[in-house]
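This briefing turns to the fold of the protein chain, to the surroundings of its ligand and to the pairing of some of its strands.

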Amino acid sequence: MAKQVWKGSAIFGPMSPALVSCAGDKEKNVLTIAWTGIINSHPPMTYISVRPERHSYHIIDETHEFVINFPTSAQCNMTDFCGVRSGSKLDKAEKCGFHYAPSSVVSAPQIEECPLSLECRVTERKDLGSHSMFIAEIVAVQIDERYIDSREKLHLQQAGLLSYVHGEYFALGRKCGEFGSSVMKKSTAAKRSAAKTKK
Ligand SMILES: Cc1cc2nc3c(=O)[nH]c(=O)nc-3n(C[C@H](O)[C@H](O)[C@H](O)COP(=O)(O)O)c2cc1C
């Protein structure tokens with residue numbers, strides 16, 4: 001493989017674009033965020049990196065709360081729209097047909113139409129340059145119950161979550177493995193696949 005060396009830049013692998021909702025005293029807003037991820041499991045922690053010029057920035061900075069909502073591939077256009085228009089000028093949720101619903105722990109609302117929402121409370125802000133990183137604890141998770149089976153197992157892959165790679169949106173593709181499959185005994189893999197076929 002012949003590789004070119006480029007100067008350091010913000011190129012990255014597939015990401016989950018998120019609709020981040022927040023609420024101030026007088027308004028609710030939503031913006032699209034690609035710079036996000038999990039940074040700790042106990043306690044569960046995440047981050048979002050936001051440019052200070054975003055309308056949402058001051059709401060999040062003042063309230064210390066936000067909700068990360070994951071859109072489906074069917075919500076691709078709305079996700080893009082919330083990332084190219086500012087809430088300072090219009091109600092983006094209304095324009096996209098999204099509804100704000102109360103969260104269970106934080107005051108920031110969740111977006112009802114998204115199958116997975118993470119309620120977050122900011123613990124720290126790091127000003128990094130172009131963006132400020134809000135580090136936050138995930139204090140509650142809301143999941144569309146259609147993806148939870150009778151044994152409380154979550155089948156998030158069925159939700160059709162949207163993916164984002166280098167400026168382009170994609171629907172998730174074919175499954176090609178699972179955690180630990182590289183070292184899984186053939187008999188275990190066969191049992192699992194038989195159990196899935198039965199369903
Ligand atoms: C796919 C996508 C990802 C984005 N990711 C980020 C991000 O991680 N951080 C950020 O500050 N802006 C990001 N943006 C831009 C903001 O969403 C955009 O400036 C938005 O209009 C800000 O909304 P607001 O002014 O209502 O807060 C992204 C836009 C798109 C389309």
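**Fold, ligand shell and strand pairing**

Of the contacts in the protein chain between residues at least 6 apart in sequence, 61% join residues at least 24 apart. The model is predicted, and its protein chain holds four helices and eleven strands.

**Overall dimensions and burial**

- The C-alpha trace of the protein chain spans about 55 × 50 × 35 Å along its principal axes.
- The protein chain has 199 residues, of which 27% are buried.

**Shell around the ligand**

- The ligand is surrounded by 22 residues, and the closest of these are H55, S56, G83, S86 and G87.
- Two or more residues of this shell are given by each of the elements β2 (28-33), β4 (45-50) and α1 (55-63), and the largest share, four residues, comes from β2.
- By residue class, the shell around the ligand divides into eight nonpolar, ten polar and four charged residues.

**Strand pairing around β9**

- Strand β4, which contributes to the shell around the ligand, pairs with strand β9 (residues 132-143) in the antiparallel sense over six bridges, and within this pairing T46 has A136 of β9 as its bridge partner.
- Strand β9 is also joined to strand β8 (residues 116-127), again in an antiparallel arrangement, by eleven bridges, with E124 standing opposite I135 in β9.
- The hairpin of β8 and β9 has four residues between the strands, and G129 in this hairpin takes a positive phi near 145 degrees.

Key
Residues are numbered from 1 along each chain as its sequence is written. This is a predicted model: local features need pLDDT of at least 70, side-chain atom pairs count only at pLDDT 80 or more; totals for chains, interfaces and linings use all residues. A residue is near a molecule or strand if its C-beta atom, placed from the backbone, lies within 6 Å of it. Ala, Val, Leu, Ile, Met, Phe, Trp, Tyr, Cys and Pro count as nonpolar, Asp, Glu, Lys and Arg as charged, and the others, Gly among them, as polar. Two strands pair if DSSP finds at least two bridges between them. A residue is buried if 20 or more other C-beta atoms lie within 10 Å of its own, exposed if 12 or fewer, and partly exposed in between; C-beta atoms are placed from the backbone. Two residues are in contact if their C-beta atoms, placed from the backbone, lie within 7 Å.
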